[in-house]
Amino acid sequence: MEHSYTKYLFFTGKGGVGKTSLACATAVQLADQAKKVLLISTDPASNLEDVLQTSVGEQIQAHQQLPTLFTINISPDVSAEEYRDRVIQPMMGVASEMEIKQVKEGLSGACTTEIASFDEFSRFITGEGIDDLYDVVIFDTAPTGHTIRLLELPSAWDDFLENNPGGASCIGPSSALKSSKERYKKVIQSLRDPQLTTFYLVSRPEKSSLKEAAKTSMELRELGLENQRLFINGVFKALNPMDPVAQRIALLADKQLQEIPMPLANLPMKTYPLLPYNVLGLRKLRSLLDETLQSQIVLEEIASSPHAQYHIESLKELVNSLEQGQRTSGLIMTMGKGGVGKTIAAATIACLLAERGHKVLLTTTDPAAHINDFLSQLDQIPANLQVERIDPKVETQLYIHKIMAQKGAKLGANERNLLLEDLQSPCTEEVAVFHAFSKAIHSASRQFVVMDTAPTGHTLLLLDTTGSYHKEVLKHSSLSADKIRTPYMALQDKEFAKIILVALPETTPMREAAALQEDLRRAGIEPYAWLINQCLSALPELKDPILKKRASAEGAIIEQIQTKLAHRTFGIPYLTEELVFPELLSM
């Protein structure tokens, strides 16, 4: 790559866009130039060992074949567990079991995990004896704006927690952080220095992925982190002009590149092609940034790429299973990481049920225009389909206003600022949206209710342990406890609620969905099925060699989901247009 590198490089983006591949390829390229490089992963689904094909542990070690490349894997889960232990240890023998459980669950969310990881890797930015050892330090996964903003308010932590022991804080007692306020100040100054730090926003040439990158870019800019570059990975160029599927996919990628969101439009940009092979090992990593080597490996890979069409139950068969036993009501939730297709899955399930004569409420947190884009493609929207949109921003602001009025009234200015920032976390949005969803859950005893986007297991456990539902309902109800059914209890009822995990047939999205499934199981909720979106292997008669090779690679991932992760697995074929809703309904 042509530009010169700063000391610290951060790669950020949604799961499955290629952050790790590009971070590793950059590290290898710099190490090949005899620079001493330290590559740090803070990704919970880290596959550094697979990509680099070398041992990677929790202590710094050199690559076995490339001695100027050093690696370390900071496990977010281990960091978070150690952090929780440091918080809870002083409470043992003093606080009740219920209070300890409440604090522990309050510190089990994504925000706490990220802060614990940031706490660990901040020492690599402040030096601490290693600063002169490495020419470049590369981070696979960057902290979010929420984490950085939260860590900018440390002056109020101690007072806030003394005065607000019942608050479910992302950070917990500040004494549990290894880093000092001064260290964080130095770290954030380094992140803002364009001579020292560069942020690489990694995206796919897809609308949802680019939208996420644009949001990240704006959030970083608001924090003074201006030195950004855009990497667009997986840009497909058809090799077979006679393959109509390949032509449509290539045209769609070109269209997205021409319509890059405004926040990204002025960033230095580089594109990387969709490859027919997994980027594993030094040779293939080098090929990512070396076009001559890349062409050579592409020819080797596509020389033997038989078309492997993989059978998987269809979306219609999923809807058939939801109707089994002449069911006419129940709760159906689509869950998954951003960009995997939750909204189109929920909308399709809702329309198919409505077309079969059922009364259906489709409730979504997706922007109204997105749902409207799907429904506007139909000649006629089923009369028995009702669509209700919940605006997460509105619900969150209402919830924050309520909490600030209740808990913030007795706090000083600094503590109020911290409480307000603490309430900007993703967990808060989930809690707020769940309050709004609760009304719809109750109506699922009379009709089908299809929900697009559901709260994670952590959020549900947090609601339960802090008493937002169970205790409040029991306190204000005249019914006996055994006759009360809270929304949380409804989700634990496998007959009533069907949770559908949506994923893509790729390694990282599969791992993320598996982690989400474990999160739900911790809350006593068992997913009903997995729905795998955008399956190339479900398309007949692919001719393009790149697509054929990628389709054959999907089989191993689908098989792993079917045999090790899901009770039942359903699939949606790769759709080669942006708006293909009628086509999806007719499959």
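**Notes on the sheet and the salt bridges**

1. Let's start with the open sheet: eight strands, paired in parallel, in the order β9-β16-β15-β14-β10-β13-β11-β12. Two strands count as paired if DSSP finds at least two bridges between them. Strands β9 (313–314) and β12 (385–389) are at the edges with a single partner strand each, so one side of each has no neighbour in the sheet.

2. A quick word on what you're looking at: this is a predicted model, where local features need pLDDT of at least 70, side-chain atom pairs count only at pLDDT 80 or more, and totals for chains, interfaces and linings use all residues. Residues are numbered from 1 along each chain as its sequence is written, and side-chain values use heavy atoms, leaving out hydrogens and water.

3. β9 runs parallel to β16 (residues 569–573), and two bridges join them. Glu313 has Phe570 in β16 as its bridge partner.

4. Next, the helices on the sheet. Helix α24 (residues 545–565) packs on it and touches β15 and β16, where contact means heavy atoms within 4.5 Å. The direction of α24 makes about 175° with that of β15; axes are lines fitted to C-alpha atoms (for helices over the stretch in contact), with angles from 0 to 180 degrees between N-to-C directions. Helix α23 (residues 507–522) lies across β10 (330–335), β14 (497–503) and β15 (529–535), at about 155° to β14.

5. How many salt bridges does the structure hold? There are 18, each being a side-chain nitrogen of Lys or Arg within 4 Å of a carboxyl oxygen of Asp or Glu. One of them joins Lys237 and Asp254 (3.5 Å, N to O). Lys237 is in the loop between β7 (228–235) and α10 (244–258) and Asp254 is in helix α10, so the pair ties together parts 17 residues apart in sequence.

6. Another pairs Glu323 with Arg356, their closest N and O atoms being 2.6 Å apart. Since Glu323 is in helix α14 (residues 315–323) and Arg356 in the loop between α15 (342–355) and β11 (360–364), the pair ties together parts 33 residues apart in sequence. Arg356 is partly exposed at 32% relative accessibility (buried is under 20% relative accessible area, exposed over 50%, partly exposed in between, with a 1.4 Å probe and protein chains only).

Key
Helix = DSSP H or I, 4+ residues; strand = E, 2+ residues; numbered from the N terminus.
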